[in-house]
Amino acid sequence: MAPEKTAQEKTPFIAKAKGFVVNLFKPKERVSADAGEKNNWKAWLYLAPCIILLAVFTFYPLINTIAIAFLKNYDYIQQTSEGFTLENFGVVLGLVGYTQSGDMVMRWNCTSFRSGGVVGSFIDAGGVVRDAYFTMDVIKYAFPNTLIITFITVPISIIIALFIAIGLNSIPAFHKALQTIFFVPYVTNAIAVGMVFAVLFDYQGIINYLFGLGSLTWIDQGAPAWRAMIALCVYIVWHSLPFKILILLSGLQNIDKQYYDAAKIDSASGFKTMMNVTVPLLSPQILYIMITSFIGAFKEYTSVVGLLGKPSTDGGGTNNMYTVVYYIYDMVKGNVQYGAAAAVLLFIIILIFTGIQFKVSKKRVHY
Amino acid sequence: MAYDNRNFIQKLLKMPTAAEKQAAREAKPEYQAIKTSGMTLTIKDRAKSADQLAKAQKVGRILWLVVVYAFLLFMALIVLFPFYWMVITSLKSTTEIRSLNQTFFPTHVLWSNYITVFNSFDFGTYVGNTLVVGVISTLGTLLTTIFAAFAFARLNFKGREAIFGILLATMMIPGEMMVITNYITVSRLPWFEFANGGVQMIDGWLTTKSAVFAAMIVPFWVSVFYIYLLRQNFKQIPNELYLAAKVDGKSDWQYLWKVMVPLASPTLISIFILKLMGAWNSYVWPNLVTTNDPSWRLVTNALRGSFTNSSGEPQYGIQMAATILVTVPLLLLFIFFRKYIMRGVGRAGIKG
Amino acid sequence: MPNKKTSIILALASMTILASCGAPGAGGSSANSSDKSQETSEKTSESEQSTMSTPTEDVIFDPKENVEITFWHTMGKQNQEYLDQMIAQFNTIYPNITVTHVQQGGYDEINNTINQNLATGNLPTMAYCYEDHVAGYIDHNAVLDMTPYINDSTYGLGHNPTGYDLFDGGVEDMTAGYWKAGSSYEQAGHYSMPHSKSTEALYYNKDVFEAHGWTVPKTWTEMWDLCETIMADPTYSENPDFYCLGYDSDANLLINLFEQNNLPYTTATKDPVTASHFGFNTAANKKIVSDLKEYHDKRYLITKGSSANSAYTSTLFTASTCLMSIGSTGGTKYNYTENFVTGVSGVPQADLNAPKMLSQGPSICFFKRGTTPQQRTAAWLFYKWLSNTENSAYYASKTGYNPVRDSSYNSTFLTDDMANATGADGLVRDTFHYVGDPDNGYTEGLFTSPAFKGSSEARRQMDGLLSSVLLGTKDVDKAFDDAMQACIFAE
């Protein structure tokens, strides 16, 4: 408990870390710079306010989060734990479960499962068949839902935004007015507008009325998760269109008119021109919005809060509408170590996806 | 262009500048083909068919425009419909909202939903708090952003790209994870209060109004996204200006404030407004740090509390009235500063 | 092992040359450990006190010294006005006590806020709480054992040093069902005081009942028989939205039925055999739920959780799509309508000889961390004022919550002021009379479910369990397994 001990413990870490840090910060290439190396200390001075604030309010909590993900039974209030563990990741992934009396059980030691994998039976040391309980919230709901949201809303919204942007770019009048209208959803509060969509999708709401669907439940209790997912995706697409339209439009306006003249001379059809000229020339913007909206979709949370109010459509029995960040947020209130583990996993997944996108784009994006 | 495969974010940063792209374009064969005017000449030679072609093209173009306008208008209707529904729902009674036949205009325009919302909290106080917090945190953000963007765009130092990459990576982390740690941090920082002619030191930023305001402001004095945005903008300012300033004997500091900041002022205004909107929408953190006095809260906090009433069924009319109160100031800001907001957001994508 | 964690943080921090960021953390944790040593010493002195049986020592109050106390609650704007009035009167007796009260959102929110502030020390003097919240606060040694205050010879319950009329009876005057919940913790002591308490009652459409000559069911058997009779009437059976009985809280329905049938739900201390707080995953409990599912399918029963927009069933009741509604007495007014006369009766029972009805609603707990003895006593005096015979009756008559003192039912507010009340107020009065009448079993039959870390999760899971079964999204076995899983991970 004594602070001196802490100081002793950290020395070897720092010694090791120093070598790493020195390597990390070695410039890879000498850029023929307009400013010389003597700017070094000055640059740090300019960066100081930003770095200090980030250090205290971003990096420290971040490192804290990563540390917590590897601690057993972390207690935020006392700031205590029972040491280093990988258990939290196991729990989040549904690989580590507990019996009613709190004994830890591995999934692969179970012989049979029921209730959708939530309960696994195993034979304990005394030869008795017992039940172990696993959390399937992340594996069955949070990750699949997040992936569904991502792979439905991102392509759809990009395609719609592309059509709208190209349309806006090709009309002679009302260009500004329409552009403004399409941008309005950007300046709204996600939770507030989510509540508006909840009214639209109410079982006695206007969507059912307009399409003659009777009292179909979309987001109310008892609605199947897939219907709630449709409503959610509609809302997310609606809310994410303005940003994409704007970015694509600014890209379109940068395209040299001569490309289109060339296409006209070749009497290429409108669609052909779009696929062969516009889209390739827009590829940097498309890549940019793909990356930002993938990251955004992976972090989707406020839209679920706004639209559904809770992560469930079956009355609360299962969290069938969890997204990964919703799960993290719920865990922060009670089992913060699971939330931290899920956050680390989410970060890794986002990194991998962003990496794949760059790899693919290397071949396809025309700069 | 040889890219380092290991660092994806660095690749993002190494995307070519406008000048480089233009050069690349000009290098392409089809670009050069356009420059040769041979094709124009052939058309001129066959004037008649060119006329016909033009006519056909004109009809085709008009038809195409009709399709495009129809599509755009249809999409615009979809985009605007939720707003329309929000407004008319806020003017309806619960029975009308719940009735079997949905009405597209309230049969009785009901203002009482708004009165209910207004009566449930002190709108003026909360708007005032929000403006104070929003403006001060925005001004601070502008300063740190200008300094950092300048360093990243103009100065050369060891580890520049690595640090910028790390900064960008933080944008991938869900902020919810940081809330509690930050709350504990803020509760332990010392604060100095001017009272009774002297300075008094208080433990934690949670007990006095000025300290709580600081807690709502200081952690938000830095934004990686805006640093990224401004850096892109700074990078577009040609090198020649910098070298000329050096020849004139201007220091970096003078160059930053006399040349770069004025040139980037549209982006700075965009950041100012976007950040202000962010302050208006913030909910979780202000709610947490204002536990000691409700009159320190911000507008969304107060609003959220006002429509979680215990009267049973969700009262959509009142909810929508409250939603409009949150949305309208944002829309007003948007209407007045449309150009800056859209330019600021649009600029994020330009240099890719 | 906080040291290990700190060192990891420091190492990682220095890796990014951000050693400066470690500073608040390091400073924080060392400050925290010193806090802890203080707490432990405080804890030992507390326990010494209780063993030495000189509880009066801690109850210090100087009526001349100004003192500020903070009260966190979840009252809506309307109820805060009643509170302000009571504070104003309180200040005429104790002008030196300034009461600041702050609304902290809903019950979950206030618990979150306090939990987060257990780490920061930014705590109020007194706060609204549920028993399971308090169980968590006790674990962190943050709440005050009120035993010395209750028994104090100067400031204790029923003692009055001021000369004003405080309408303050002794412990025996506190409604037993509510009072005993304050000492139902694993640790010995009295940690929470009843405040906005409520129980449940059955509201029925008196006009329809009288027209058909039906008697109000007292047991569940009678209830389901009556439902069968009702559904035989085409007026009701042909309306697809109609259900005979609405129950406002899925969890309360299950907890009541488990308790009435002597079935396991949760236990305050871990069961010696299963080493668990949760005992509800049994075949008999499942039978209760599958029976309810059958009644729901026959449209005998609808709950808040099984209606599409999770409407309170009082809304269905006043709209005549239910003929009976069981809900919190705190929400009595919502069962009033101008369209028909509403009657009040008790929650149906399994065994009329041993009636059981769930009591709920927040209590008030007092914090010892970060407060001075003067503040603690001031807070206690304020609580005594809020809960005295007249104020308890006044607050109850305005809000619909139940008074926490038996004498309140005979107070001038309920006997004189409300005697001629009509409309919703009249229904509130009728409910008070029903609940206050010893013949109806409420004084004896009130129970609370045990409080421990995880008990609120158990409650939440009972809600989800029943509604997902009634909605047909899950079978009974899976619903119980899921609920058990969630409870185990919340513990």
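Biologist: How many salt bridges are counted between chain B and chain A?

Modeller: Keep in mind that this is a predicted model. A pair counts when a side-chain nitrogen of Lys or Arg lies within 4 Å of a carboxyl oxygen of Asp or Glu. The side chains of A:Lys42 and B:Asp252 meet that way, at 3.7 Å from N to O. The count between chain B and chain A is 1 salt bridge.

Biologist: Which helix gives the largest share of the side of chain B that touches chain A?

Modeller: Across this interface, 7 residue pairs are in polar contact, both partners at pLDDT 80 or more. On the side of chain B, the largest share is 20 residues, and they come from helix α5 (residues 47-90) of chain B.

Biologist: What area is buried between chain B and chain A?

Modeller: The contact draws on 117 residues of chain B and 107 residues of chain A. Carbon and sulfur atoms give 74% of the buried area. The total between the two chains is about 10100 Å².

Biologist: Which residues in chain B lose the most area to chain A?

Modeller: Three residues stand out here, and together they make up 8% of what that side buries. They are B:Met172, B:Glu176 and B:Met177.

Biologist: How are α14(B) and α15(B) oriented to each other?

Modeller: The axes of helix α14 (residues 252-263) and helix α15 (residues 265-281) of chain B come within 5 Å and cross at roughly 65°. Angles of 65 to 115 degrees count as roughly perpendicular. Therefore α14(B) and α15(B) are roughly perpendicular to each other.

Methods: Residues numbered from 1 in each chain as written. Chains lettered and ligands numbered in written order. Predicted model: local features only at pLDDT ≥ 70, side-chain atom pairs only at ≥ 80, totals over all residues. Heavy atoms only, no water. Contact = heavy atoms within 4.5 Å. Buried area = accessible area lost by both parts, 1.4 Å probe. Polar contact = N/O pair within 3.5 Å; in protein donor to acceptor, adjacent residues only side chain to side chain. Helix = DSSP H or I, 4+ residues; strand = E, 2+ residues; numbered from the N terminus. Axes fitted to C-alpha atoms, helices over the stretch in contact; angles between N-to-C directions. Parallel < 35°, antiparallel > 145°, perpendicular 65-115°, else oblique.
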